[in-house]
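Please read the following points with the structure open beside them.

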Amino acid sequence: MGNLFCCVQVDQSTVAIKERFGKFDDVLEPGCHFLPWCIGSQVAGYLTLRLQQLDVRCETKSKDNVFLTVVASIQYRALADKATDAFYKLSNTRSQIQAYVFDVIRASVPKLNLDDVFEQKNQIAKAVEDELEKAMSAYGYEIVQTLIVDIEPDEHVKRAMNEINAAARLRVAANEKAEADKIVQIKRAEGDAEAKYLAGLGVARQRQAIVDGLRDSVLGFSVNVPGTTAKDVVDMVLITQYFDTMKEIGASSKSSAVFIPHGPGAVSDIAGQIRQGLLQGSAVEQQNLL
């Protein structure tokens, strides 16, 4: 743009305000214009029609007394058909817009808790846009878009919020871990119960086999050795097993068996106790099978 030989160039997306002897005369569109300075014509200034952006940082506090900074981004432009109002009615457009943004944000945010400010930032932006649209349209400006681009609580508040979130996640993790441990213990108990049940069946079957073997031995010995009773045969079998056990224990060099003092006459008592135990075990097994 320039003024050479009474000619003025106006760039694209820009208008020039023409005055004559200090009074508004015309709005010059983009292009080359004849401006005879000798009769008082001059360019008072230029007005851009491009979209402009203003970022406003507003410090305020929420309903729960948390101080925070709200950053609003205002996108606006001057209207070509209202270029006169935009040029003459406002001396500082950006300061005017900033004042309206401060007023709306400081009236809206204190009504909300901190969490609600984050959730309702679109409503806050809409309130700012509506207020600016009503105010700035009278001065020849259009509000294209209003965005709340950032909400910055105090650093201590952010740290506390992060700690609360971390504690909540740790609590969930602890509950999940406890539930997993519970399942493991239940499965271990079920396995132990099943093992004991199967071990009991094994012991019962072992005792039944022992009883059946003793019965067959007694019957066979009684047939082959006339005059012997079943008690004599069982005593002989038990005494034989007793001495076999003593022999095996004595043959081991690392035996940890503890012997209780006794005499050979006690073998009869031991035989009676073993026999009684076998008979009781057989009776219990028969009841279980029934």
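1. In this predicted model, three strands form an open sheet in the order S7-S8-S9, and their pairing is antiparallel. The edges of the sheet are strand S7 (52-61) and strand S9 (141-153), each of which pairs on one side only. From one strand to the next, the twist averages 20 degrees.

2. Strand S8 (residues 67-78) runs antiparallel to S7, and 10 bridges join the two. As an example to locate in the structure, Val56 has Ala72 in S8 as its bridge partner.

3. Helix H2 (residues 93-108) packs on the sheet, where it touches S7, S8 and S9. The direction of helix H2 makes about 35 degrees with that of S7.

4. Helix H4 (residues 121-136) lies across S8 and S9.

5. A separate point concerns the surface. Tyr197, Leu198 and Leu201 form a nonpolar patch there, and together they have about 290 Å² of accessible area. Of these residues, Leu198 has its place in helix H5 (residues 155-224).

6. Is Leu198 buried, exposed or partly exposed, and why? Leu198 counts as partly exposed because its relative accessibility is 47%, and this class lies between buried, under 20%, and exposed, over 50%.

Notes. Residues are numbered from 1 along each chain as its sequence is written. This is a predicted model: local features need pLDDT of at least 70, side-chain atom pairs count only at pLDDT 80 or more; totals for chains, interfaces and linings use all residues. Side-chain values use heavy atoms; hydrogens and water are left out. Patches are made of residues with over 30% relative accessible area and no salt bridge: like charges are joined within 9 Å, nonpolar side chains (Val, Leu, Ile, Met, Phe, Trp, Tyr) within 5 Å. Accessible areas come from the Shrake-Rupley method with a 1.4 Å probe; for residues, only the protein chains shown count as cover. A salt bridge is a side-chain nitrogen of Lys or Arg within 4 Å of a carboxyl oxygen of Asp or Glu. Helices (H or I, at least four residues) and strands (E, at least two) are DSSP runs, numbered from the N terminus. Buried means under 20% relative accessible area, exposed over 50%, partly exposed in between (1.4 Å probe, protein chains only). Two strands pair if DSSP finds at least two bridges between them. Axes are lines fitted to C-alpha atoms, for helices over the stretch in contact, and angles run from 0 to 180 degrees between N-to-C directions. Contact means heavy atoms within 4.5 Å.
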